[in-house]
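Q: I have a model open here and would like to go through it with you. Can we start with the fold?
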Amino acid sequence: MGKGTQAKLLMAEFGIPQISTGDILRANIAGSTSLGVVAKSLMDQGQLVSDDLVNQMVADRLAQPDTKRGYILDGFPRTLNQAVWLDEHLAGKLKQSDCNPGEILPVVAIHIVVDYDQLLHRITGRRISPTGRIYNTYSNPPAVAGKCDVDGSTLVQRPDDSEEVFAERMKTFNSQTAPVIEHYRGRGRFVEVDGDQPVEKVTVAINAALHRLRQSANH
Ligand code: AMP
């Protein structure tokens, strides 16, 4: 967890877009699209949306011109199938005649590791304002419970942040997402960062690791 926050900070630092599959799915739910209707019940139960649907969503997004200088995938890949699809998709792009190989940057996988109890608090304590400000009832509570400090609007809890759905999401993570970590671990361009520290320290650790990778690539 904390991946959304860190992805946004990386976006600002490197000037490349953050592509959050969870955000795209939530936007589809808000817009009542056919994808949103399928995704909602799965997400509300802590399950994953099917690989085919999510891969297509990512393919469409990666076809946008703002991804040319790189991008941050947030919450993707979440299954081994998605990771293999991404490998093949990027290899396919490299073969396209109009593609400049310099545009296809090497993939760096970042795993933010968080203790189970911390994660429980981060997720079940999360409250969000209508404009997207994120609070936490444990670690970053608003001055007035349930109200945004900036405009007093009512804070809401994501339906999938309840304790029951959290337990389901953990099961999903262990069975389907944990193998993705091993997929990237063996490849060298894999960064593991301790997420049980203040946001700024996590950012510093990620930047330091990216810097080290860049240095070693230049030698
Ligand atoms: P997130 O905002 O990343 O925590 O994602 C919220 C929910 O959206 C997840 O629990 C899944 O139900 C769904 N979701 C997000 N990304 C993916 C993905 N890559 N594959 C399948 N389902 C996803």
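Q: What order do the elements of the protein run in from the N terminus on?
A: From the N terminus on, the order is α-β-α-α-α-β-α-β-α-β-β-α-β-α. The secondary structure comes to eight helices and six strands. Helices (H or I, at least four residues) and strands (E, at least two) are DSSP runs, numbered from the N terminus.

Q: What kind of model is it, and how are residues numbered?
A: This is a predicted model, where local features need pLDDT of at least 70, side-chain atom pairs count only at pLDDT 80 or more, and totals for chains, interfaces and linings use all residues. Residues are numbered from 1 along each chain as its sequence is written, and side-chain values use heavy atoms, with hydrogens and water left out.

Q: How much of the protein is buried?
A: Buried residues make up 38% of the 219 residues. Buried means under 20% relative accessible area, exposed over 50%, partly exposed in between (1.4 Å probe, protein chains only).

Q: And contacts between residues at least 24 apart?
A: They make up 65% of the contacts between residues at least 6 apart in sequence. Contact means heavy atoms within 4.5 Å.

Q: Now helix packing. How do H6 and H7 cross?
A: The axes of H6 (residues 116–124) and H7 (residues 163–185) come within 10 Å and cross at roughly 130°. That makes H6 oblique to H7. Angles under 35 degrees count as roughly parallel, over 145 as roughly antiparallel, 65 to 115 as roughly perpendicular and the rest as oblique. Axes are lines fitted to C-alpha atoms, for helices over the stretch in contact, with angles from 0 to 180 degrees between N-to-C directions.

Q: Which residues meet there?
A: From H6, Tyr-116, Leu-119, Leu-120, Ile-123 and Thr-124. From H7, Glu-163, Phe-166, Arg-169 and Met-170. By class, the contact of H6 with H7 has six nonpolar, one polar and two charged residues. Ala, Val, Leu, Ile, Met, Phe, Trp, Tyr, Cys and Pro count as nonpolar, Asp, Glu, Lys and Arg as charged, and the others, Gly among them, as polar.

Q: How do H5 and H7 cross?
A: The axes of H5 (residues 80–95) and H7 come within 8 Å and cross at roughly 40°. H5 and H7 are therefore oblique to each other.

Q: Which residues meet in that pair?
A: Leu-80, Ala-83, Val-84, Leu-86 and Asp-87 of H5 meet Gln-176, Pro-179, Val-180, His-183 and Tyr-184 of H7. The classes are seven nonpolar, two polar and one charged.

Q: Ala-59 next. Buried or exposed?
A: Ala-59 counts as buried, at 15% relative accessibility. Ala-59 lies in H4 (residues 51–62).

Q: Where is the cis peptide bond?
A: It joins Phe-76 and Pro-77, with omega about -5°. Pro-77 lies in the loop between S2 (72–74) and H5.

Q: What about phi at Ser-32?
A: Ser-32 has a positive phi of about 50°, although it is not a glycine. Ser-32 lies in the loop between H2 (21–30) and H3 (34–44). Ser-32 is exposed, with a relative accessible area of 58%.
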